[in-house]
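Take a look at the structure below. The report starts with a pocket, then moves to the chain and to some of its residues.

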Amino acid sequence: MHHSDFELVQGESIPDRLVLSYDIEIDYPNPSAIADWVEDVSGRDGFVSFPFIEIDTLSTTNYVPKARTATRYEHRWIVNAHGDLKNARREAGGKAVLVLTIELNMTRFLANQPERNLPNLDALTPQDLFLQDDELLRAARAATLVGDNFLLGTARRGGTCFAHRDDFNRQMLDGVTRGLFRLLAESLVPDDYNGLPRNIGVRIRPPVVSQAEVYWEFHTDSSLSAVGTVADRMSMASNQVKVRTYLPDSREISIDGEQNGMGVSIALSDAVRVTIYAKTPTVIRLEIKYLKNLRNNAARSLRGPQTVAAVLDAVHRDGFKRMNRIRDAFMQIAPHTDERADLLDFLRSIDLAAAGDQARGKVMLELLFNRGSVCETIEEGFAPPSFCARLVDSGIIERVTVRHGGEQRYVLTAPYRSLVCSLMVVLPSQIALQDERNPATMQ
């Protein structure tokens, strides 16, 4: 990845994983009433068509039942919930609290929506918003090999105009948080439609953002090579860098953050972490994660209760500043080329120029690697004019002037001469030769 490819633009970051904390207050007249409410909410009595939250049965031995996303049904939600129901066993009734954590991946949410739905999320039902669309999932996997955690098309990224993408992200977040409120209300708040017991009162308090992630994406010829170069350079600069490789599931063939990929993780603090990884074979993702103390680490200027979108605006700004500092550090320690990508280009270009003739390709590779030059041959030879012309077009070799006539001669261009030299000097024989020539090692 060249420096020009690693250009961050404020407002271009995309929200990813969000963790929202909800306190849901439940007024109940007696333990039996709230126990019935728990059973109905969980779908065990068949009243709720699409149960979202499943809560363990209240009993004399289970005073703080666990809550989680309902998974025992055919429908699948793209949001994950878990938590506890507290203070639900008072004989005289009172106020229980369902402390609920909801994990929402905005990338997955947008990938799960047909583009026609994006302009007006409020017109969609909670099921349209948050139930998995299997058809879109299959299409995403076929197009990207990475499932639904990648955005296809410009509409899901906010259009082609950079200036509009901030507004788009804010509109999406506002629409999603309103949709989550409607989903919780439909699942938990008794009304005339869901059949939940009317002697229970439920109040959903506004959510608090406890964790957030935002990212930038860049296209490159080889994402694994780009990440490998970042890993090489950053590992030299900091002992806080960790390089991870992701082993594949035998049933999968994708290259991303979880399958056959490579990632570089940089701990900026115990609460903030940057990860740079190969998302697809040609896309590198730069992700910044706020793991705790979000308001202190990213939104210190905000005062009082804030909407999810307002907090995320601060996260985008803080993430841009932090990521830009990392980019500046990378530019100071990295060369202007990516040796890994150049090596792959070198091998691919020779293979393409050989046009399927493995014998010619092998000879050309040996000549260029060992001599750095080649003379043009007749058409039936191993280096015919057409072969050499293709290598010239790909930037691997260039023509040189030959005195007194003779065959046309070519040499490696400067970047590839440097690449071959850098590979040669680390060969064991070359290292041993350098040691012998070093006066400090001579007796």
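## The second largest pocket

This is a predicted model. Its second largest pocket holds about 300 Å³ of space. The lining is made of 20 residues, and the closest to the centre are Glu12, Ile14, Arg157, Arg165 and Glu217.

Two elements give two or more residues to this lining: helix H5 (162–188) and strand S7 (208–219). Strand S7 gives the most, with five residues. Sorted by class, the lining of the pocket has nine nonpolar, six charged and five polar residues.

## The chain as a whole

The chain has 443 residues, and 48% of them count as buried. Its elements are 13 helices and 14 strands.

How far apart in sequence are the residues that touch? Take the contacts between residues at least 6 apart in sequence: 61% of these join residues at least 24 apart.

## Helix H1

Helix H1 covers residues 31–41. Nine of its 11 residues are buried, so the helix is largely enclosed by the rest of the structure. The buried residues are Pro31, Ala33, Ile34, Ala35, Trp37, Val38, Glu39, Asp40 and Val41. The charged residues Glu39 and Asp40 are on that list.

Now look at the two ends. At the start of H1, a side-chain oxygen of asparagine 30 comes to within 3.1 Å of the backbone nitrogen of serine 32. Just after H1, glycine 43 has a positive phi of about 80°.

## Asparagine 80 in strand S4

Strand S4 runs over residues 80–86, and asparagine 80 is part of it. Is asparagine 80 buried, partly exposed or exposed? Its relative accessibility is 36%, so asparagine 80 counts as partly exposed. The cut-offs are under 20% for buried and over 50% for exposed.

Leave out residues up to four places away in sequence, and asparagine 80 touches Thr69, Thr101, Ile102 and Glu103. With threonine 69, the link is a polar contact of 3.3 Å between the two side chains. Isoleucine 102 is 22 residues from asparagine 80 in sequence, but the C-alpha atoms of the two are 5.6 Å apart in space.

## Threonine 275 in strand S10

Threonine 275 sits in strand S10, which spans residues 272–280. Its relative accessibility is 7%, so threonine 275 counts as buried. Which residues does threonine 275 touch, not counting those up to four places away in sequence? They are Val264, Ser265, Arg285, Leu286, Glu287 and Lys289.

## Two loop residues with positive phi

Asparagine 87 has a phi near 60°, a positive value in a residue other than glycine. Asparagine 87 is in the loop between S4 and strand S5 (94–105). With a relative accessible area of 39%, asparagine 87 is partly exposed.

Alanine 355 also has a positive phi, near 50°, and is a residue other than glycine. Its place is the loop between helix H9 (339–354) and helix H10 (358–370). Is alanine 355 buried or exposed? Alanine 355 is exposed, because its relative accessible area is 59%.

Key. Residues numbered from 1 in each chain as written. Predicted model: local features only at pLDDT ≥ 70, side-chain atom pairs only at ≥ 80, totals over all residues. Heavy atoms only, no water. Helix = DSSP H or I, 4+ residues; strand = E, 2+ residues; numbered from the N terminus. Buried < 20%, exposed > 50% of the residue type's maximum accessible area, 1.4 Å probe, protein only. Contact = heavy atoms within 4.5 Å. Polar contact = N/O pair within 3.5 Å; in protein donor to acceptor, adjacent residues only side chain to side chain. 1 Å grid on protein atoms, 1.4 Å probe; cavity = no way out; pocket = protein on both sides within 12 Å on 5 of 7 lines; lining within 4 Å. Points joined across faces, edges and corners; volume = space filled by probe spheres on them.
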